[in-house]
Amino acid sequence: MNTGAAVMVVDDDPAIRALLRHTLEGAGYRVSEAGGAAEALAVRAAEAPALALLDLGLPDRDGLDILPQLIGAGLAVVVLSARDATAEKVAALDLGADDYVTKPFDPEEVLARVRTALRHRARLAGGLGDAERAAVASLVRFGDVEVDLAARQVRKAGHEVHLAPKEYALLAELAQQPGRVITHAQLLRTVWGPGHEGDVEYLRVAARGIRRKLEGDRGPGRSALRNEPGIGYRLDLARD
Amino acid sequence: MTPAPPPRPTLPSAEQAGGADALRGGLVSGLIATLALLGLATLAGLALAERGDVAPIALLYLGPVMFAAIRLGLRPGLGAGLLSSLVYTYFFIPPRLTLLVADPAQLITLVVLLGVALGGSHMAKRLHEQARLAEARAGRDALLAGFAGSLMAVTRAEALWAFLATEIARVFDVRVLVLAPDEGGALALVAAEPAQERADLLEMAAAQWCFDGGRATGPGGQVPTASEWLFVPVPGRGGPLAVVGVGHPEAAMPLHGPQLPLLESLLAQTGLALSRMVLEEQAHALDRVQERERLRSALLSSIGHDLRTPLTTVLGTLRALQPLSADQATALSSARAEAERLDRFVANLIDMVRIETGAIERAAEAVDLAEACDAALDHFAPSLLRGRVTLAVADDLPLVMADPRLLHHCLINLIDNADRHGGPDGTIAIEGLALADGGVELAVCDQGPGVPADERERIFGLFARIEGTDRTGGTGLGLAIVKGFADAMGVAVEAGERQGGGARFVLRFPAGLVRAVPLRGVSA
C-alpha cells in the first residue's frame, strides 16, 4: 500500500471531509483539508500533497477552474461529483483528472481510486522506457486472462486468443492503466486516431468482441471490461 | 371582462344626413324673418322720410340683407339685396312710388346693397364650413378616443373581433364581417354583426384579395370587386392581421364621404391593440417560463445538495464502520440498506422533478444493450446477482441510439422493480431481441405475481402501486421515471406478461434508433 502519501481533501462540507479523513488515515495516508478553491490552492502550496480529492461544487469557484492548476503542479486528482453530472465528469477527465468518484461514495471505492491514481502517477514519474516499469506493467491479469503487453499477446487459461487489431489495441490501452477510467473520446483518439472521437459505435463493437472472446463464461455484470455509461471504460482487474 | 360601450359621438354622416332637414326648416323661418326685417326697415325709412331725413335710409336695408346672407346663404342674401333695392327704389328714390331711377348716383346704393349681400353670404359660408368641419373633427376625435379606450380593456383576440364587429356595425350602421387567419394561415370568419356562421364564396374571395393586397377592396375602395361588400385590412407590421368587411343591404356603397378614412383609422388602432396583445402574451409566457425555471433549479439544488450531502456522510460512515459483533453486523447492514433506500428515493425524486419540469437533457450515443445491462447490474449488491439474473442478448444484436445516462437509470429501476416484485428466490431474466420491423426490444422479466391487464397503463403513473401487492421498499417513482426517461429518448415502454407467470417490462427501440454494427472500424 502506498502509505505515507499526502492527500488533500477539497470539499465544502465538514462532515464529508471528516469521513474522508477517517477513511484515508485508516489506510495510512496523511490528510490535509480545504473547504474551498482558494484554500485548496493555499494548502497545495504549503503541503505539496501528491493527490487531491476534489469536489467540483465548491462555494467560491467551480472545481473545474482550479483543476488545471492542481494538475500543472503535479498532483493526481480524483474528482468527487454528483450522480448525474456526466458532462462534468467527462470535462474533468479531459482536463487531466485521473478518475472520479460519484457521491454518495463507498469509502472502499474512494480508496481504490486513490490507489490507482497514485500508482498511475508513480508510473508516469518513472519515465518512458524505464526497464522496471516495463517489467511491472507488461503482464496484466484478470480472471483467467493474461494480457502480455510486451509480446502483444492475449492468453485465456494459458491458450493464446486471437483478437482483431483494434480489439487488441483497445484492451492494451486499458490494461496499461488498470482500474483507471479512460473516456470514450480518449480511447477513440488513441486507438482509432484523431478525428474518430465521436465514433462510439467502433468502441462498442470492439468491446463486445473482447468480451465474447475472453469472457464468454462470465455471468452478467461480471465483465472486467466495465463501461461507465456516457463516460468511458475501465479495466477492473479485481472483478471476480 | 366586457368593454364598456364608448360614448356615442356625433358622426359626420349623421351631421350631414340630419342637417338637411334642419336647414330647410331654418330657410322658411329665415325668409319670414328677412321679410319682417325688410318691412321694419321700410317703416322706419318712411318715418324718417316724413321728417325729410333721407340720407341714412339706405343703411337701414343693410340689416335684412346681412341677416339673410349670413343666416341663409348666398342666394337668399342676393335675393334679399335685390328685394331691398327694389323696395328702396320704389319708396324712397325720386320719382317716388315708381321703380324708375332718375339720378344715376342712386345706382351706387343699389350696387352696395348687392355687394354686401355677396360678401356677407360668402363670409358666412366659410364660417359655416369651418364650424361644420370642426364639429366633424371633434366627433371623429371623440369616436377614435372612445374606441381606443374600449380597445385597451380588451385582452383577448376573440373578444377583440366581437367588439370590432359590434362597434363598426353600430357606428356606421352597416353589416360587418371580421375575418382573420387561422393557425394554418387561411382566412376564416371570426366575428359577424348580425351573427352569421360563414361568409359566401364571393365575399371570401374579396376578403382574401384585400388580405393579400393590404388595400381597401370593394365598392368605394381602391380595388373594385364583384362583391357588394367593402373589405378593409387591419394593418400590422408584417402585413394585414385581419380583414373587416362592411356591407349595406340597400345602399350600393356601404360607406360614403369621410367614413372610409374613419374606418381605416379605427382599424389602424385595432392593429396596434392586437400587436400589444401579442407582446403582452409573449411577456406573460416568458414570465411563466422563468418562474418555472427558477422553481426547478431551486428544487433541484435544494434536494440535490441539502438532502444528498448529509446522506453521503451517513451512507459513507455506515459503509466504513466495522462491526464488532454479530448483532452489530446485523444492525449495521440493515441501517446501510435503509440509507441506500433513502438515497435511491432521493435520486428518483430528483429524476422525477427533471421529468415533470421538462428539464431532461438528452445526448444520443450508440449503446450496446448487453453492456448497458452490465453497467446497470453493477449498481446492485453482488448478492442480488449471484445466480438470480440471466442476460440473454445475442452477439449480433444491433446497437441503439440512446442517452446512456437515461437508459442506465431506466434499467436500474426496471431491475430494482423486478427484484422487489419477483419474490426472494425468483429469477430475473433480461432479454434483448431484434424485431421483425427493424426495431429492438429489451425485456426485464420477473417471476412475481405479474401486473393485472387493467393496471398495465396505470402502473407507469406517479406513485402508482398495485393495491395490496407492494407494501415494502418501493417508492412509487421507479416505473414513472422509466416511462419519463423512455419517452424522452423516443423509446416505448410497456408492461406485459412473462410466459409461465410473472411480469415482463419491455423497452422497445423503434427502427429509427437502431444502428447496424460497423464491422470495418474494428477489424481494420
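Two strands pair if DSSP finds at least two bridges between them. The model discussed here is predicted. In chain A, strand S11 (225-228) and strand S12 (residues 232-235) run antiparallel and are joined by 4 bridges. Within this pair, Asn227(A) stands opposite Tyr233(A) of S12(A). The hairpin of S11(A) and S12(A) has 3 residues between its strands, and Gly230(A) takes a positive phi near 80 degrees there.

S11(A) is covered on both faces. Leu225(A) and Asn227(A) lie on one side, Arg226(A) and Glu228(A) lie on the other, and all four of these residues are buried. S11(A) is also among the elements that give two or more residues to the side of chain A that touches chain B.

## Chain A as a whole

Chain A contains 9 helices and 12 strands. Of its 240 residues, 45% count as buried. When contacts in chain A between residues at least 6 apart in sequence are taken, 54% of them join residues at least 24 apart.

Ala48(A) sits in the loop between H2 and strand S3 (51-55) of chain A. Ala48(A) counts as partly exposed because it has 13 C-beta neighbours inside 10 Å.

## Helices H2 and H3 of chain A

Helix H2 (residues 37-47) of chain A packs with helix H3 (residues 63-72) of chain A at an angle of about 15 degrees, and their axes are 10 Å apart. That angle makes H2(A) roughly parallel to H3(A). The crossing of H2(A) with H3(A) is right-handed.

On the H2(A) side, the contact is made by Ala37(A), Ala40(A), Leu41(A) and Arg44(A). These meet Gly63(A), Asp65(A), Ile66(A), Gln69(A) and Leu70(A) in H3(A). By class, the contact of H2(A) with H3(A) has 5 nonpolar, 2 polar and 2 charged residues.

## Contact between the chains

Chain A gives 37 residues to the contact and chain B gives 40 residues. On the side of chain A that touches chain B, the elements giving two or more residues are helix H1 (14-26), helix H7 (165-175), helix H9 (200-214) and strand S11 (225-228). H9(A) supplies the largest share of that side, 10 residues.

The side of chain A that touches chain B has 16 nonpolar, 8 polar and 13 charged residues.

## Sheets of chain B

One open sheet of chain B has 5 strands in the order S6-S8-S9-S11-S10, with mixed pairing. Strand S6 (389-393) and strand S10 (492-497) of chain B stand at the edges with a single partner strand each, so one side of each is left without a neighbour in the sheet. The twist averages 15 degrees from one strand to the next. S10(B) pairs with strand S11 (residues 503-509) of chain B in the antiparallel sense over 6 bridges, and Ala495(B) stands opposite Phe505(B) in S11(B). Helix H10 (residues 369-378) of chain B packs on this sheet and touches S6, strand S8 (428-434) and strand S9 (440-445) of chain B. The direction of H10(B) makes about 165 degrees with that of S6(B).

Another open sheet of chain B consists of 3 strands in the order S5-S7-S12, with antiparallel pairing. Its edge strands are strand S5 (365-367) and strand S12 (514-515) of chain B, each of which pairs on one side only. S5(B) and strand S7 (residues 399-402) of chain B are antiparallel and share 3 bridges. In that pairing, Val367(B) stands opposite Val400(B) of S7(B).

## Helices H12 and H13 of chain B

Helix H12 (residues 404-421) and helix H13 (residues 478-489) of chain B pack at an angle of about 150 degrees, with axes 9 Å apart. That angle makes H12(B) roughly antiparallel to H13(B). H12(B) passes H13(B) in a left-handed crossing.

Residues of H12(B) in this contact include Leu406(B), Leu407(B), Cys410(B) and Leu414(B). Among those they meet in H13(B) are Leu479(B), Ile481(B), Val482(B) and Phe485(B). The residues of the contact of H12(B) with H13(B) divide into 11 nonpolar, 4 polar and 1 charged.

Definitions and conventions:
Residues numbered from 1 in each chain as written. Chains lettered and ligands numbered in written order. Predicted model: local features only at pLDDT ≥ 70, side-chain atom pairs only at ≥ 80, totals over all residues. Axes fitted to C-alpha atoms, helices over the stretch in contact; angles between N-to-C directions. Parallel < 35°, antiparallel > 145°, perpendicular 65-115°, else oblique. Left-handed = near helix turned anticlockwise from the far one by under 90°. Contact = placed C-beta atoms within 7 Å. Nonpolar A, V, L, I, M, F, W, Y, C, P; charged D, E, K, R; others polar. Buried ≥ 20, exposed ≤ 12 C-beta atoms within 10 Å, placed from the backbone.
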